[in-house]
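Trainee: I would like to learn how to read a few features of this structure. Please take them one at a time.

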Amino acid sequence: MSETTRALTDAQRRAVHELMRVSPVADELGRRFAAAGHELHLVGGSVRDALLGRLGDDLDFTTDALPEQTLRIIDGWAEAVWTTGQEFGTIGLARHGLRIEVTTFRADAYDRVSRNPIVRYGDNLVDDLRRRDFAVNAMAVSVPGHEFTDPYGGLNDLAEQILRTPGAPEDSFADDPLRMLRAARFAAQLRFSVAPEVRAAMAAMAGDLSRITAERIRDEFVKLMCGADPITGLRLLVDTGLADTFLPEVTGLKLEIDEHAQHKDVYEHTLIVVRNAIGHEADGPDFTLRMAALMHDVGKPATKAVGTDGGVSFHHHEVVGARLTKQRMKALKFPKDVISDVSELVMLHLRFYGYGRGEWTDSAVRRYVTDAGPLLTRLHSLTRSDVTTRNRRKAAQLAADYDALETRIARIAAEEDLARVRPDLDGNAIMELLGVPPGPVVGRAWRHLKELRLERGPLDRDEAEAELLRWAAAEGLTKP
């Protein structure tokens, strides 16, 4: 038995096992469609994932029934129904814990200029499968009959772990350029390679990605970054030129040599940092951490300087990098809180360096924790991930230094409740002591007391009041 045949047999066994789990619901739904004179097929990613032994609770079906007919067929059977995709031929429903989408056969037309296809319904399964992005997503299983349809060799591609398009890749990508980004996403998620002809078309047509909205690009990119192997996907984006369209800062890193000459370039160092960050995740993919790892050095090209001795430096690249990160993520329409968290991690990623030389006071540790706030755990992970030196002695020393910092943070936190550093007097106490109404003076006094808290640690009530009155006198403020 050949390796490919053995792989196909294993895949088919997995598919049977997975389909048996959902078949009570799937087959019952199929019988309802059959009774109404219509076909129903499990399709696309659901079939692929069943063959990979990873079918989830979200199932995709295709049918020759129109959306209005689908609604009549599921009436009284579905536990919940949603019609947000009805104009595109999709009806959603829920049954026994499964989320199901049923889409009418499609034969979309593309003008290859606008971003969205003209939705047209098809009349047969094979044509519907041909319009899908990759052959591994162009397979179907009928329900309740369980007949397998694979007109474009998806099962073989699945066994060989390769991505090909059902038709010519140039035609597929001209219809929907987002499919090029999906190729990189599936490479990251499935650890599949991309067929040479598909890769060549991606490189030749990368500029067409500019036809796609920022939101669609963002969503695919997030899935890529949260895949099992985002490094493969990122390399594909950069090597084909797709990254130039929506993430040029990463491509730009290939030009910059690391200041310590320990890596071929900052680009390679960055990919190692992303991989390291994945190793620090405790609860599954953390997009914020991975994105910060990807962007942490994007400020280096703009800050590169060569000294008289030939040494290379990138002073304040974290500041520039944070600004570039914020601009790029804003252009990709990321939520404000995600932009803020990622750019703040980029800004803070160098703060640790110098700690090992004994320069940090307890005040510095307090500020480190306070500035990181809820991002402290991620900052720990990012900082440790950024150590990619091949010098084992240096790497061990940096790790020991960071261990010491974390131990010190834990000690001070236990003593001072570092997670909630605040002034020793609240706004009401400030107003009462100074005899002032709410306003700017209270804010200034509060900030002064917080600085003291960071510098000296907790003050008792008498000390805090004395310091506030001393500050008020210096500011020319007197109690009426």
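Trainee: Where does Leu477 lie?

Mentor: Leu477 lies in the segment after helix 23 (461-474). Helices (H or I, at least four residues) and strands (E, at least two) are DSSP runs, numbered from the N terminus. The model is a predicted one, in which local features need pLDDT of at least 70 and side-chain atom pairs count only at pLDDT 80 or more, while totals for chains, interfaces and linings use all residues. Residues are numbered from 1 along each chain as its sequence is written, and side-chain values use heavy atoms, with hydrogens and water left out.

Trainee: Which residues is Leu477 in contact with, leaving aside its neighbours within four places in sequence?

Mentor: Contact means heavy atoms within 4.5 Å. With those neighbours left aside, Leu477 is in contact with Val441, Trp471 and Ala472. Val441 is 36 residues from Leu477 along the chain, and their C-alpha atoms are separated by 9.1 Å.

Trainee: Is Leu477 buried or partly exposed?

Mentor: Buried means under 20% relative accessible area, exposed over 50%, and partly exposed in between (1.4 Å probe, protein chains only). Leu477 has a relative accessible area of 25%, so this residue is partly exposed.

Trainee: How many helices and strands does the protein chain have?

Mentor: The chain has 23 helices and 11 strands. Of its 480 residues, 49% count as buried. Among contacts with a separation of 6 or more, 65% are between residues 24 or more positions apart.

Trainee: What does the model show for cavities?

Mentor: Rolling a probe the size of a water molecule over the atoms shows where empty space is left. On a 1 Å grid over the protein atoms alone, a cavity is a set of points where a 1.4 Å probe fits but cannot get out; lining residues have an atom within 4 Å of a point. Grid points are joined across faces, edges and corners, and a volume is the space filled by probe spheres set on the points. By this rule there is one cavity of 30 Å³ or more. The largest cavity has a volume of about 60 Å³.

Trainee: Which element gives the most to the lining of the largest cavity?

Mentor: Helix 1 does, with five residues. Helix 1 (3-35) and strand 2 (58-63) each supply at least two residues of that lining. The lining residues include Leu19, Val22, Leu59, Phe61, Val143 and His146. By type, the lining divides into eight nonpolar, two polar and one charged. Here Ala, Val, Leu, Ile, Met, Phe, Trp, Tyr, Cys and Pro count as nonpolar, Asp, Glu, Lys and Arg as charged, and the others, Gly among them, as polar.

Trainee: Where should I look for backbone angles that need a second check?

Mentor: Most residues other than glycine have a negative phi, and most peptide bonds are trans. The peptide bond from Val143 to Pro144 is cis, with omega near 10°. Pro144 is in the loop between strand 6 (140-142) and strand 7 (148-149). His146 lies in the loop between strand 6 and strand 7, and its phi is near 60°, a positive value. His146 is partly exposed, with a relative accessible area of 37%. His96 has a phi near 50°, a positive value in a residue other than glycine. His96 lies in the loop between strand 4 (90-95) and strand 5 (98-104) and counts as exposed at 52% relative accessibility.

Trainee: How many residues does helix 13 have, and what span does it reach?

Mentor: The expected span of a helix is 1.5 Å times one less than its number of residues. Helix 13 (residues 266-279) has 14 residues and reaches 20 Å from its first C-alpha to its last, close to the 20 Å expected. Its buried residues include Val266, Tyr267, Leu271 and Val274. The buried residues of helix 13 pack against helix 10 (230-240), helix 12 (248-252), helix 14 (287-295), helix 15 (300-303) and helix 19 (376-385).

Trainee: How many residues of helix 14 are buried?

Mentor: Nine of its nine residues are buried. At the start of helix 14, a side-chain oxygen of Asp286 reaches to within 3.2 Å of the backbone nitrogen of Thr288. Asp286 lies in the loop between helix 13 and helix 14, and counts as buried at 17% relative accessibility.

Methods: On a 1 Å grid over the protein atoms alone, a cavity is a set of points where a 1.4 Å probe fits but cannot get out, and a pocket is an open set with protein on both sides within 12 Å along at least five of seven lines; lining residues have an atom within 4 Å of a point. A polar contact is a pair of N or O atoms within 3.5 Å; within protein, one must be able to donate a hydrogen and the other to accept it, and residues adjacent in sequence count only if both atoms are side-chain atoms.
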